[in-house]
Structures are given as structure tokens and as C-alpha cells.
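Here are a few friendly notes to read with the structure open beside you. Take the points one at a time and find each element as you go.

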Amino acid sequence: MKAVVYKGNGQIVLEERPMPALRDEKDAIVQVTLTTICSSDIHIKHGTVPKAVPGVILGHEFVGRVVATGSAVKKVKPGDRVAVNVETFCGECFFCRRGYVNNCTDEHGGWALGCRIDGGQAEYARIPFADNGLTVIPDHVTDEQALFNGDILSTGYWAAKIGEIRPADTVAVIGAGPTGLCTMMCARLYTPARIIAIDTDGYRLALAKEKGLADITLVPGRDDPEQVIREVTDGRGADTVFEVAGGKDTFQTAWKIARPNAVAVIVAMYEEPQVLPLPDMYGKNLVFKTGGVDGSFCQEIMDLTACGKLDSSFLITQRCGLDEIMDAYDVFENKKDHVIKYAVRP
Ligand SMILES: [Zn+2]
Ligand SMILES: [Zn+2]
């Protein structure tokens with residue numbers, strides 16, 4: 001089968017790989033029907049994900065059809081359409097029992113797919129702990145509507161959940177890329193008064209506004225986010241800040257626009273260390289919560305998708321076949337053609 005493989009040293013290639021097979025009684029084999037590229041794949045390519053293993057098949061955000069299951073798999077069966085959770089987890093360890101599946105202590109626990117074990121930018125993928133990692137897609141939900149269930153939508157959902165948003169709050173989201181847009185979508189579920197989106201990309205901000213996700217959009221440099229946010233909050237600052245950009249100065253923006261006692265959720269995956277200027281923020285009594293996602297809510301997200309409360313399919317701006325995925329990588333990495341997300345059909 002064809003698969004995208006990380007070779008190390010900034011290199012990824014599309015090559016021929018053997019079909020995956022069941023290795024454990026809790027495994028399932030999924031025929032991938034739709035997959036995508038995530039910015040984490042770009043981080044792996046750049047060598048900034050230390051856990052990523054050269055030789056691994058990339059891809060941790062995909063949907064497909066179950067074609068085989070191990071003897072201990074109960075929830076899914078061959079023929080089921082499924083969304084795949086970015087995280088594989090045992091469900092039994094200390095962290096799993098508390099819902100912190102990102103830190104599952106099993107050797108295949110946490111973000112392993114497309115990083116430490118073969119992932120889904122391929123025709124088929126092996127999913128460990130299939131009962132925990134696969135969510136059945138209802139018939140009336142399309143592959144495109146389900147594609148982001150297990151990764152960026154899970155991230156937005158998890159971030160919004162730990163953001164402690166109260167009704168009528170002011171929420172600021174730094175970064176209107178795919179994950180930022182998902183975060184806005186999920187923050188909406190908590191009925192804030194307003195969502196303020198901050199990004200340097202006017203196209204992405206316009207999309208956030210057009211889709212009803214952002215009420216106010218700000219471009220640093222043109223606008224002064226700190227000042228504007230003070231003005232709309234009686235001088236206080238944002239009640240919850242989501243930092244989803246991971247840019248050069250965006251962490252500094254995050255704590256500056258937060259009101260005293262705010263929650264700042266740091267969703268972004270930085271490629272460099274960030275400075276926490278404690279003397280400057282003394283007395284502000286901020287609460288920082290850092291990523292990555294605990295993918296514990298895939299069923300809830302699927303239920304919200306099924307009833308029309310969440311629909312992330314508008315994020316798909318480009319479509320191609322697996323044969324064309326190397327061109328897609330170039331477009332996605334360099335943010336060409338106003339790309340938000342690709343849908344790649346193996
Ligand atoms: Zn991802
Ligand atoms: Zn576990």
C-alpha cells in the first residue's frame with residue numbers, strides 16, 4: 001500500500017509499505033477513507049517532535065472503515081465507519097482512569113499514531129486499543145464532517161472544556177488556523193458574550209467571522225489587542241484566553257490580554273521555549289493550562305456533530321488523492337492558496 005513516511009532530517013516521502021496486520025487482541029485494522037495533514041506533521045518534519053520515530057508512517061487525523069478486529073474488540077466490528085482518535089490509550093492506567101489519556105502509561109499510550117507507531121496517511125492503519133480509539137460514525141454524518149473528530153476538533157473541545165468559560169464571558173482566541181477555528185466553535189457551546197479572534201492572516205479572520213465563530217477580529221500591528229480587549233471588558237481583559245497560534249510573540253500576547261484571575265489555555269505547540277516573565281505578571285494571579293489534548297470526548301463530539309451543533313467540514317478547503325499528498329504538504333506547510341485543511345482520499 002502507499003503511505004507517507006517520515007525519514008528523519010526534515011524528509012518525508014510517499015512510498016510503498018506492507019499492509020498492516022493485527023498484532024494484539026485489542027487491535028483493529030482500518031481502511032482509511034479520508035485523511036488529512038496536521039500542523040503536528042509539519043513539526044515532525046522539522047524535527048521538533050522528539051518522540052517521532054524515523055521510518056514511521058505519518059497521519060493521526062483520519063476516518064475509515066473497520067476491516068478486521070482482534071478477539072477482544074467489542075465496540076466496533078468489520079464494516080463500521082469510524083473516526084480515529086489521535087490518542088491510543090489503555091483505559092486502565094492511573095492517568096486513563098482520570099481521563100488524562102494523553103499521558104496513558106502504556107507503551108502505545110498517548111499520541112503514538114503517526115508519531116511512534118504507523119499512522120493514517122496510508123491506505124490502511126492498525127489501531128491499538130480499538131475500543132477506546134475508534135468512534136462509530138452515524139450513517140447521516142459524512143466522512144468530511146467526521147474527519148477532524150479525533151484531533152483538531154478534540155483539541156478545541158478539550159481546550160474549551162478546561163477554559164472554565166462562563167455564560168456572557170469574553171473569550172479571546174489567538175490563532176485562527178484550523179485548531180483555533182475549532183476552539184472558537186467549541187467555546188461557542190459555553191455561550192460567551194463574545195469571541196475575539198486574533199491572527200495576522202486576514203483571510204482566516206474573515207472566515208471566522210463569516211462562520212459566526214468570532215464577533216471581533218484583530219490583526220496585531222494594525223490593531224492593539226490589549227487595548228481593544230480592555231475597551232470591550234470595562235478595562236478588565238479577557239476572561240479566558242486560548243493561545244492556539246504558537247508564534248513568536250503570541251505567548252506574551254496571551255497573558256497580557258488576560259484579566260486578573262483569568263484562565264489562559266496554552267493549546268499551541270511551540271517550536272522554541274517561551275519566556276514566562278513572572279515579575280511583570282505578579283499580582284495578576286493567572287492560571288495557565290498547557291496542552292496537549294486529552295482525547296477523551298470523541299463520542300460527545302460525534303453526538304454534537306450528529307445533531308448539527310458542531311460541523312467542522314467547512315475547514316476543508318482543498319481535496320486531493322493520496323498520490324498528490326506531497327504537493328498538499330507543500331501547500332499546507334507554506335499556507336498557499338488560503339488553505340485551511342486538506343481532505344486526502346487514499
Ligand atoms: Zn494533529
Ligand atoms: Zn492508560
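1. Which strands does helix 6 lie across, and at about what angle does it run to strand 8? Keep in mind that this is a predicted model. Helix 6, residues 178-187, lies across strand 8, strand 9 (194-198) and strand 11. Its direction is at about 165 degrees to that of strand 8.

2. Six strands form an open sheet in the order 10-9-8-11-12-13, and their pairing is parallel. At the edges you will find strand 10 (216-218) and strand 13 (287-290), each of which pairs on one side only. From one strand to the next, the twist averages 20 degrees. As background, strands of a sheet pair through backbone hydrogen bonds, either parallel or antiparallel.

3. Next, pick out one pair of strands. Strand 8 (residues 170-174) pairs with strand 11 (residues 238-243) in the parallel sense, over four bridges. Within this pair, valine 173 stands opposite phenylalanine 242 of strand 11.

4. Helix 5 (residues 152-162) deserves a look too. Why can we call it largely enclosed by the rest of the structure? Because nine of its 11 residues are buried. Among them are Ile152, Leu153, Tyr157 and Trp158. The cover over the buried residues of helix 5 includes helix 6 and strand 11, as well as strand 12 (258-266) and helix 11 (298-306).

5. Finally, see what comes after helix 5. Glutamate 164 follows this helix, and its phi is positive, near 55 degrees.

Conventions: Residues are numbered from 1 along each chain as its sequence is written. Chains are lettered from A and ligands numbered from 1 in the order in which they are written. This is a predicted model: local features need pLDDT of at least 70, side-chain atom pairs count only at pLDDT 80 or more; totals for chains, interfaces and linings use all residues. Two strands pair if DSSP finds at least two bridges between them. Helices (H or I, at least four residues) and strands (E, at least two) are DSSP runs, numbered from the N terminus. Axes are lines fitted to C-alpha atoms, for helices over the stretch in contact, and angles run from 0 to 180 degrees between N-to-C directions. Two residues are in contact if their C-beta atoms, placed from the backbone, lie within 7 Å. A residue is buried if 20 or more other C-beta atoms lie within 10 Å of its own, exposed if 12 or fewer, and partly exposed in between; C-beta atoms are placed from the backbone.
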